[in-house]
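Please describe how the chains of this predicted model meet one another.

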Amino acid sequence: MRQALEGSLAVAKAVALCRPGVVAAYPITPQTHIVENISKLVADGDLETELVSVESEFSAASVVLGAAAAGSRAYTASSSQGIMLMAEVLFNIAGLRVPMVLTCANRAIGAPLNIWNDQSDSMAMRDSGWIQLYCADNQEAVDSLIQAYRISERTELPVMVCMDGFILTHTLEVIDIPEQDKVDRYLPPFAFDRRLDPSDPISLGALVTPEFFSEVKHSQHAAMQKALPDIVDADKEFKKLFGRDCGGLLAEHGDEEATVAILTLGSIYGTLRAGMEAHKSRKKVKLIHLRCFRPFPEEVLMAALDGVKDLIVVERALSPGLGGIVGTEIRAVLSTARKPPRVHNVAIGLGGRDVPLDMFSRLLEALKNGSIAEFSVFDADLSRLPEEDR
Amino acid sequence: MAPNASKIERLKELRDKHGRTDGSVLPDPADPPKDLRQAQPRFRGLEAGHRACQGCGEALAARLVTEAAGPDVMISNATGCLEVFTTPWPQSAWRVPWIHSLFENAAAVASGMEAALKAQGKSTKVLAFGGDGGTFDIGFQALSGMLEREHNVLYVCFDNEAYMNTGIQRSGSTPHAARTTTSPPGKARMGKRHLKKDLLSIISAHHIPYGASTSVAYPADIRRKVRRAMEIQGPTFLLVHSPCPLGWGHDGALTIEIARLAVQSGLFPLVEMERGEVTDVMPIRKPVPVANYLKAQQRFRHLFAPDDPRALQEREHLQALADYNIEIYGLYSEEADPLDTDGADTVRRGGLAN
Amino acid sequence: MAAITRGAYARPGTSLAFKTGTWRVEIPYHKHWAAPCHAACPAGEDQQAWLAKIQEGKLHEAWNELVTANPMPAITGRVCPHPCEQACNRGIYDAPIAIHNIERFLGDEAIRLGWNYPLLRPTTPESPAVAVVGAGPSGLSAAYHLVRRGFRVNLFDALPEAGGLLRSAIPMTRLPREVLDSEIQRIFSLDGLRFHPRHRLGRDVSLSELQSDHAAVFMGPGAERSKAWDVDGAVPADLHQGLHLIKEWVDHGEIPTPKSVAIHGGGNTAVDLARIMKRRGVEEVYVITASGLPGPGTAPDDVLNVVPRELEEALEEGVVFFPHRTIQRLIMRGSKMIGVEMVHLKKLPGKGGRKSRVSFQGTERVLNVDMVIPSIGEAVDSAGFENLIGNANYFRPDDWGRLAEHPGVFVGGDARGDRGTVSAAIGDGCKAAMAIQAHVEQTEVIDAPRETVGYESLNVNYFEPKPRAYVAKIPVPERDDFTEIEQDMIYAQVVEEAGRCMSCGNCLACDNCWTFCPDNAVIKTRDVCSDGSHYLFDYEFCKGCGLCATECPCGFILMRPQD
């Protein structure tokens, strides 16, 4: 049913459709509306779940770990500092190979304190072993959340669904909320073979010595790579039932023969798409939305970049002292390509800085006049900085 | 739903798998079964083959707690000696479902487990195990949250009064003046400067239905308190004094002796608290001088330096702390009580007397 | 090798693959010690073992265990000076176990319920026969232990009734005759035993006949000949020997009643006699003895050889003791006795370590008495077996009762001269039976005494102080010549009192080792067992920490270096 809903409410409804046994969360802007809406659903009797209002994000992650290990579908959500506080547990969950879903309402990490959107938080967790799916809009946030459980429970890998804070979470969109019976068909009841069970009392979280550690880590890496077809499959199956998809591992828009491509993650994709439609250019350009950042979809990306001569990687985070995070990874991946495109990497929209519609034109202009650097915080006005800090 | 019938069925199923078969005849010693271990007349929650040091108080305490609580339980275990020595992959000494996540989240993981079981309508009891580091210090916040949210979890802290797993560093539980590697005695210091945190009072201030301290020197007391806690719906807490021969500097054969002296001297009072009030204590029949307890351990050896006036002062300080415990908890009783510090461990042919 | 599991989970109990026993530098083991009571028992009873059976609630089994050493517990429970209680470790903790009262209870229960002796081997007409001379405590014991081992026994006594000294010299206030008769009757009802009363050796049957008809001969003639007594050659005209007086009294109820009497000697006969005379109205009764009274200053081997209860009762009744004293001079007026001169003395080691009596000049004291009665012991009356003993007062056999010059002849009881109690005589009978069996079967008799466990080996933290059972006595004014003074224990008391036994040096089945092993390396096979056999060390996993040994209340678990 199509409804005009705030992103957070839509996500809350999607969570309810997945029938989680346990939800644990700690409030943090801009994730709060998701948890508040879930709490309301529980209070109104529309969602039967154990809602655990914990004393920290650290405990939120720990509670959902315990819940999933004990055999329940579990959900949590956080942002920014909260994700940082969860960090130790997030690595742990992935290492234990326990399935669950977390929504990351992307927000900048302080200091300086900033409550607005960028993707520094989820990017900081890129090595945690979680599958990361980025959402271009709120419909994708809803659909990806439902898909995330299917992926997670098939692969026994945790999934982080990333949606830009405020830009998506606090924005009203017309959203098609799936029907419960269809979701039930799509998502079988939670089953986790290694769950804690007195009838078969296994021990989870053993000490692994150097003798075995490398193999355990290899298997985790291999599991992530093997999850790629599961992610694609989940999207395809979703389309069969619900008539729409999220593009699998990545989505493309624009000229198939394009020689210039702009790749991004999250809601900027929509902004650039609108910008592209407004932009009158003879140049063949296409947009790529890298939906699945972990595991990294190397093959699909290479195929998408076939024939592209210039690639602009636009991201909402950076690794100080190196530059872009996604850009750097793509450069690394392309090093084995036959005719790799030139990669230009920009960070924009940090800490909630507005990404205007003309950003598309500005990026192409910069590419055209050669002013686009290997990496830059593209929308930073350096004149506002003292000379020595530029 | 008939919880009693189903529960009995379930316990029977679990016992069949992991311990004595209910109602079955014990093996004939003249014709012993091949695996006598399988026929033990008690539930073996923590199996042999774990790698604790010789005479480990914590291993013993964990075994006793698990025996008394099991088999329909699941455990969330904080990082620490207990976790390391029981589960070096591919082996595990546990026969109950067990999970170790991190140092500071045993209580939170347990909260999640309990929430899940509640959601699934199951009656399996969740236990959380932590050392004093994971309970008094780094895991305290998660524990406080668990208690406040009234999760039906029994949290057991095995208190060996320092970070033993990392090599004997001071914790919030280390007694005053004790030597650890981060509170060494020297010209300017006499061991730990600060006091042992009164955790039980803090825990009890959460207004939980039951919190108690017990000691590995009194297995019957442990069993009784575990069973008491198991019967309660809601958060419960046990602090189990568990000597560490390596960290405290005593022979592994003396673990029980040392633990007993701690209780008999008043330095480690055994009390039960309900909703913030002290409801029962183990009375001390004949208070033992604290010095008897101290001198048996290397960690207090500097308190017996012959020509150091500080040594006597600190000894007197510790004696005063014990006297304080005896006074505020009313531990000293004029009359012998069958369950006091002398009577509680009395044995007779066939087992414990009381 | 096992495949690495997803997320590195582990299967339950798989630690059993890791054998921590290899860490061990010391290894625990069980040691069955002799409890001090057992070590001290002249009859060879293992009190700890039968108290353990009572603790298990198995009274009949306890009695069965008891009679493997002593066939007459109802008697010894009454007449034995119970050195077991003096040795009892519980005496250091609070008060010794009332072993003799429990023994008496068991003995009486056996009589009441008609329990039969458990025998080792049945007797057949082909079984070798042994002659036993003297149906006193040693002879009865020897006969019983021989039958128990499958021998046929011909038991001879000069008197019409069996019992020896038990019948002739022990007052009924200490040993009711129905108890004596019951226990003797139970022995006599054994298949393979034939009692020949009124058979005096040398008169009715000869030693050589016995020797030719039997595989061995046991001699238990007792010591019935009063030793000559004088003080520097002086002897009162009306001298009566102590033992003789008691026999007269037991047989005919007659006893002299002077105004005052000094009894010289320190045994049960002296004390029994003193009490009989006191009760019969003798105003002043003194016992003059070279031994000391029990107390902290008295060495155990210097204490009066008297049942402690009897001594206590004698003092209650007003008998006056002069310990560490001897009679140095008789004071006579003509042939009439008017007093004795006493002097202090002690048994002190001299040259070569042998103890001899040293009297101390300047400690002389005169005691005015009308009569003096020596009760200094008796010698063997060797009529009929002069060739065995010669001119000696006593036999001098080895510990098994064997006479070096007379193979096939064995001796026990008072005839040895170094015994002096009923229990020791019973012990002799048992040892001789073992030696006779070895003699007949031509094997070596083996004595493997266990080491005695000391108090310091116990962990008394696990015991609670508890007063010794109170056993009622007839008050002094109500005492007569026939009624037993010490009363029975009731069943509940027996169970309580046996429960006080600390099971020194042997398993208490308390579960401590099983409970305290941090490594689950003690295996329990059944709930209760008295000998500890149901706890096994699982050496595959035992790390040798020694906790079990420290916390064993009984000293039953020890550590030794791992080979």
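## Chain B against chain C

Between chain B and chain C there are 31 residue pairs in polar contact, both partners at pLDDT 80 or more, where a polar contact is a pair of N or O atoms within 3.5 Å, one able to donate a hydrogen and the other to accept it, with residues adjacent in sequence counted only if both atoms are side-chain atoms. On the chain B side, α10(B) gives the largest share, five residues, and the residues divide into 24 nonpolar, 14 polar and 17 charged.

Two salt bridges are counted here, each a Lys or Arg side-chain nitrogen within 4 Å of a carboxyl oxygen of Asp or Glu; one of them joins R285(B) to E464(C) at 2.7 Å, N to O. The contact (heavy atoms within 4.5 Å) takes 55 residues from chain B and 60 residues from chain C. In chain B, R37(B), W89(B) and R349(B) lose the most area to chain C, together 19% of what that side buries.

## Chain A against chain C

Here 16 residues of chain A touch nine residues of chain C. Two salt bridges are found across this interface, including one between R6(C) and E156(A) at 2.8 Å, N to O, and four residue pairs are in polar contact, both at pLDDT 80 or more. From chain A, α8(A) supplies the largest share of the side that touches chain C, three residues.

## Basis of the values

The model is predicted, so local features need pLDDT of at least 70 and side-chain atom pairs count only at pLDDT 80 or more, while totals for chains, interfaces and linings use all residues. Residues are numbered from 1 along each chain as its sequence is written, chains are lettered from A in the order in which they are written, and side-chain values use heavy atoms, leaving out hydrogens and water.

Key
Buried area = accessible area lost by both parts, 1.4 Å probe. Helix = DSSP H or I, 4+ residues; strand = E, 2+ residues; numbered from the N terminus. Nonpolar A, V, L, I, M, F, W, Y, C, P; charged D, E, K, R; others polar.
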